[in-house]
Amino acid sequence: MKKNKKFTIEEKIGDSFILRITESSVTIESLAKQWKVVYSNITSQYGILAKYCKEKMFDNINTLAQTLFMSSLIFADAELVKDLWTAYEKSNERINARKKTISKEEDNKILEEELLKQMAIDEQVKNK
């Protein structure tokens, strides 16, 4: 026989979520019970959510819940994950190409400076 958990606090957050805080954890769950996230009482998330609840900052909790829910949907769709990964790879390619261009530009600048120095030394030697 399972004992039912007693919830210290249970609040409806916005139109879509329920916040439950017990002594051991905090849970944010969708009203449709299709999604939830649980944080242990030893995490910073537990402390932040408990503080927001105590101070009745339910808009902040709702924004957080919506953000977590939407980000979990992105990673639930294989096509979106593939698109995200492709965008990430393209971004890295552009960054690496730019680094190579900058490196070549810096090399050319250094070579030009060294050439000017050498020409100045040669000119001084020639004039002596």
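The following legends describe close-up views of a predicted model. Local features need pLDDT of at least 70 and side-chain atom pairs count only at pLDDT 80 or more, whereas totals for chains, interfaces and linings use all residues. Residues are numbered from 1 along each chain as its sequence is written, and side-chain values use heavy atoms, with hydrogens and water left out.

**View A. The largest nonpolar core.** This core has 15 residues, and those with the most contacts inside it are Phe-17, Leu-19, Val-26 and Ile-28. A nonpolar core is a set of buried Ala, Val, Leu, Ile, Met, Phe, Trp, Tyr and Cys residues joined through side-chain atoms within 4.5 Å; buried means under 20% relative accessible area, exposed over 50% and partly exposed in between (1.4 Å probe, protein chains only). Two or more residues each come from strand 2 (17-21), strand 3 (25-30), strand 4 (36-40), helix 1 (44-54) and helix 2 (58-76). Helices (H or I, at least four residues) and strands (E, at least two) are DSSP runs, numbered from the N terminus. Not counting residues up to four places away in sequence, Ile-28 touches several residues, including Phe-17, Leu-49 and Ala-65; contact means heavy atoms within 4.5 Å.

**View B. The pairing of strand 3 with strand 4.** The two strands run antiparallel and are joined by five bridges, strands being paired if DSSP finds at least two bridges between them. Val-26 has Tyr-39 as its bridge partner in strand 4.

**View C. The buried face of helix 2.** The buried residues of helix 2 are Ile-61, Asn-62, Ala-65 and Phe-69. Seen down the helix axis, they fall within an arc of 100 degrees (taken from the directions from the axis to the C-beta atoms), and so line one face of helix 2. They pack against strand 1 (9-13), strand 2, strand 3 and helix 1. The face turned away from the buried side carries the exposed residues Asp-59 and Phe-75.

**View D. Salt bridges of Arg-20.** A salt bridge is a side-chain nitrogen of Lys or Arg within 4 Å of a carboxyl oxygen of Asp or Glu; by this rule the count comes to four. Arg-20 meets Glu-10 at 3.7 Å, N to O. Because Arg-20 lies in strand 2 and Glu-10 in strand 1, the pair ties together parts 10 residues apart in sequence. Arg-20 also forms a salt bridge with Glu-29, with the closest N and O atoms 2.4 Å apart, and both of these residues are buried.
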